[in-house]
Amino acid sequence: MEVQGGHAAQQKEVSRTTLTLISQLGKIKMLEYAVLMGRVKRFVYAGSGCSIYGLKEEFTSMHLNTPYQNSKMAGELYCNFYWHHYGLPIVKTRFFNSYGLGEIPGQFRNVIRNFIYWAMKGQPLPITGESKMIRDFCCSYSSIQQTAL
């Protein structure tokens with residue numbers, strides 16, 4: 001029997017320390033369970049590209065300034081540990097600009113959800129900077145489908 005494990009929970013409210021700590025414990029429990037199962041084909045960890053890999057200086061200095069960033073980095077480091085220590089086959093993904101069902105608008109939330117909210121309220125859609133930046137967005141459902149292949 002083929003068993004696959006993974007952790008793809010998403011909590012984008014970068015200022016919510018308690019929920020981030022709960023998510024971190026969830027990552028460790030999933031990794032522990034995968035080791036106990038003993039026959040996991042691969043453990044997929046859904047990282048977050050934007051939160052910690054956007055700037056080279058942030059990544060190399062590990063000067064991360066939100067609980068969300070710290071949690072994502074710690075998750076990758078725990079995956080490294082379980083691969084080196086237990087031989088658990090790990091696949092780490094780094095999704096950039098994910099959006100999906102169930103999101104709520106807010107200051108540190110995805111621009112897609114905020115734009116939908118503002119448009120439905122008849123409010124202007126703010127564009128910051130010089131409008132020269134281009135970004136791709138990934139639907140969470142599609143990302144999970146592709147990762148499962």
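Leaving aside neighbours within four places in sequence, Gln24 touches Ser71, Ala74, Gly75 and Tyr78, where a contact means heavy atoms within 4.5 Å. Gln24 belongs to helix 1; helices here are DSSP runs of H or I with at least four residues, strands are runs of E with at least two, and both are numbered from the N terminus. With a relative accessible area of 12%, Gln24 is buried. Buried means under 20% relative accessible area, exposed means over 50%, and partly exposed lies in between, using a 1.4 Å probe and protein chains only.

The structure is a predicted model, in which local features need pLDDT of at least 70 and side-chain atom pairs count only at pLDDT 80 or more, while totals for chains, interfaces and linings use all residues. Residues are numbered from 1 along each chain as its sequence is written, and side-chain values use heavy atoms, with hydrogens and water left out.

The average pLDDT of the protein chain is 76, and 74% of the residues score at least 70; pLDDT is the predictor's confidence in each residue, from 0 to 100. Where pLDDT is low, the predicted coordinates should not be read in detail.

Next comes the overall layout. Six helices and five strands make up the secondary structure of the protein chain, and from the N terminus on they follow the order β-α-β-α-α-α-β-β-α-β-α. Of the contacts in the protein chain with a separation of 6 or more, 70% are between residues 24 or more positions apart. Buried residues account for 30% of the 149 residues. The accessible surface comes to about 10,000 Å², and carbon and sulfur atoms hold 60% of it; such areas come from the Shrake-Rupley method with a 1.4 Å probe, and for residues only the protein chains shown count as cover.

The largest nonpolar core has eight residues: Leu31, Ala34, Val40, Phe43, Tyr45, Cys79, Tyr82 and Leu88. A nonpolar core is a set of buried Ala, Val, Leu, Ile, Met, Phe, Trp, Tyr and Cys residues joined through side-chain atoms within 4.5 Å. Helix 1 (17-37), strand 2 and helix 4 each supply at least two of the core residues, and strand 2 gives the most, with three. In soluble globular proteins, nonpolar side chains tend to be buried together. One member of the core, Val40, is found in strand 2 (residues 40-48) and is buried at 12% relative accessible area. Val40 and Ile90 are 50 residues apart in sequence, yet their C-alpha atoms are 9.8 Å apart in space.

Helix 4 deserves a visit of its own. Its 20 residues should span 28 Å at 1.5 Å a residue, and its end C-alpha atoms are 27 Å apart, which agrees; the expected span is 1.5 Å times one less than the number of residues. The buried residues of helix 4 include Ser71, Gly75, Cys79 and Tyr82. Just after helix 4, Gly87 takes a positive phi of about 75°.

A search of the whole structure finds four aromatic pairs. The rings of Phe115 and Trp118 form a tilted pair, because their centres are 6.0 Å apart and their planes are at 50°. Rings of Phe, Tyr and Trp (its six-membered ring) pair if their centres lie within 6.5 Å, and planes under 30 degrees apart count as stacked, over 60 as edge-to-face and the rest as tilted. Phe115 and Trp118 both sit in helix 5 (residues 111-120), three residues apart, about one turn of the helix. Phe115 is partly exposed at 24% relative accessibility, and Trp118 is partly exposed at 23%. Elsewhere, ring pairs link Phe81, Tyr82 and Tyr86 into a cluster.

Gly106 lies in the loop between strand 4 (98-99) and helix 5 and is partly exposed, at 23%. Gly106 and Tyr117 are eleven residues apart in sequence and 9.7 Å apart in space, C-alpha to C-alpha. Cys139, in strand 5 (residues 138-139), is partly exposed at 26%.
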